[in-house]
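Here is a short tour of a few local features, written with modelling in mind. Keep the viewer open as you read.

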Amino acid sequence: MTIPVFRNLVAGEWRDGDGHVDNINPSDTTDVIGRFARANAADVDDAVEAGRAALLAWAAVSLDERARVLEQIGRELFERREELGRLLSREEGKTAAEGIAEAGRAASIFRFFAGEVLRPGGEVVPSVRPGIDVLVERVPLGVVGVITPWNFPLAIPAWKIAPAIAHGNAVVWKPAELVPASAHALADIIHRSGAPAGLVNLVTGPGSVVGQRIADHPGISAVTFTGSTAIGKGVAAATAARLCRVQLEMGGKNPLVVLDDAELERAVECAVQAAYYSTGQRCTATSRVLVTPGIHDRFVERLAQRTAELVVGNALDPATQIGPAVSDAQLRQDLEYIEIGVSEGAQLVVGGERLERSTPGHYIAPALFAGATNSMRICQDEIFGPVVAVVPVADLDEGIAVANDTVYGLTAGICTTSLAAATKFRRSAEAGMVMVNLPTAGVDFHVPFGGRKSSNLGPREQGRAAIEFFTATRTTYVAP
């Protein structure tokens with residue numbers, strides 16, 4: 001069987017790079033999805049030049065036509081959501097249902113920003129000087145570098161690329177090397193949408209080469225990055241050195257507080273959905289559950305039952321609830337942290353072992369720890385796998401203190417039937433997003449997304465808030 005070869009997209013043309021890398025299915029490591037070109041620094045340079053040229057063509061396009069282009073991208077994503085979702089699941093490992101839903105979400109994001117094209121905002125105000133008007137406008141930045149992770153290979157690129165081009169910018173996009181097939185599919189849809197050649201350029205390759213060149217390039221006006229905090233700090237340092245605008249969405253160690261008055265089954269399902277689905281490979285995943293004494297034992301017992309019931313298997317099997325880890329390296333990291341948790345004195349209640357299935361893959365049984373303390377590494381480090389630790393807390397106040405005792409601040413949740421408790425938690429949580437009686441993972445596409453502390457740097461993503469990052473304010477004074 002011939003393995004297909006895929007190229008990068010620069011200046012509206014598909015081109016080879018410095019060799020190729022195989023894209024391996026984590027549910028079946030004998031399945032090679034394709035061979036994808038690796039870009040180099042020179043390819044990034046060419047992509048920036050192409051973007052700069054495309055800016056002029058895009059600026060000449062009417063707002064109505066610009067909106068039509070984004071609408072067309074969204075329409076094709078939606079019409080092909082099952083095909084694209086299965087491709088996503090095949091290369092990333094989340095279940096087919098999750099992959100299809102993500103493709104649908106990417107479609108909704110492009111459709112939302114098609115509308116934003118026609119709502120740029122701005123105002124005209126009188127000057128304090130007689131006879132002079134003042135125009136306050138939002139204007140594009142130029143060429144934007146987009147660096148995206150492997151865990152949401154359609155949705156996260158969509159919520160960066162769609163607002164970038166909706167607000168008049170060009171894009172040089174580096175996806176994660178583990179998910180080039182989804183990236184190629186999205187780039188191809190954009191390429192055929194009627195957008196000017198070079199408006200969105202795809203350069204797939206190692207972060208140390210391609211990502212670094214994007215961060216360093218003087219022709220890139222802004223960089224938006226989603227990934228680990230460690231790499232995000234490197235991007236921040238590189239962009240700060242040349243005073244480039246930067247937006248970073250990074251890690252999380254998200255708490256879910258469960259109070260005595262919580263509805264038990266609802267609280268358990270919130271934990272299961274957020275901690276284990278997508279194999280726990282979400283920056284918004286619940287990784288710490290902080291439980292008060294009156295419900296603690298019942299909660300741990302029931303959560304252990306639900307965890308043991310979860311079906312782990314091939315991402316494309318309809319019976320599968322939890323797919324594999326995305327790679328052997330990620331699986332090894334998950335298993336290492338499980339060993340660390342045991343060595344630190346936490347009780348491994350269920351799961352945590354490597355699994356064998358009918359196809360060779362990176363399978364792991366979702367793990368539940370009890371009796372953990374918040375100082376343990378399993379409660380402080382972002383594991384990025386299906387591993388959750390239950391930490392006993394005395395009451396709401398201790399729950400809030402422990403929830404905030406982390407360098408991260410992306411999401412935080414509480415399960416309670418008390419409006420007063422929910423309100424106090426909402427006001428006290430040091431997180432960018434707060435969930436009440438809901439999983440910490442799972443957010444809408446039309447409202448701001450982002451965190452605090454080491455989880456975020458720069459303006460929020462998604463929704464109308466995206467204009468804050470992807471445009472600059474221009475103030476014009478006009479005299480007759």
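Which helices do the buried residues of α2 pack against?

## Helix α2 and its neighbours

They pack against α1 (41–59), α3 (81–92), α4 (96–117), α5 (155–166) and α6 (180–191), where contact means heavy atoms within 4.5 Å. The buried residues (under 20% relative accessible area, 1.4 Å probe, protein chains only) are Arg66, Ala67, Val69, Leu70, Ile73, Gly74, Glu76 and Leu77.

## Where α3 crosses α4

The axes of these two helices, lines fitted to C-alpha atoms over the stretch in contact, come within 7 Å and cross at roughly 125°. The crossing is right-handed.

On the α3 side the contact includes Arg81, Leu84 and Leu88, while α4 brings residues including Ala96, Ile100 and Glu102. The residues of this contact divide into 5 nonpolar, 4 polar and 4 charged, with Gly counted as polar.

## A buried threonine

Thr279 sits in the loop between α9 (264–276) and β14 (286–291). Thr279 is buried, at a relative accessible area of 1%. Beyond its neighbours within four places in sequence, Thr279 touches Gly93, Ile322, Gly323, Pro324, Ala325, Gly385 and Pro386.

## About the model

This is a predicted model, in which local features need pLDDT of at least 70 and side-chain atom pairs count only at pLDDT 80 or more, while totals for chains, interfaces and linings use all residues. Residues are numbered from 1 along each chain as its sequence is written, and side-chain values use heavy atoms, leaving out hydrogens and water.

Technical notes
Buried means under 20% relative accessible area, exposed over 50%, partly exposed in between (1.4 Å probe, protein chains only). Helices (H or I, at least four residues) and strands (E, at least two) are DSSP runs, numbered from the N terminus. Axes are lines fitted to C-alpha atoms, for helices over the stretch in contact, and angles run from 0 to 180 degrees between N-to-C directions. A crossing is left-handed if the near helix is turned anticlockwise from the far one by less than a right angle, and right-handed if clockwise.
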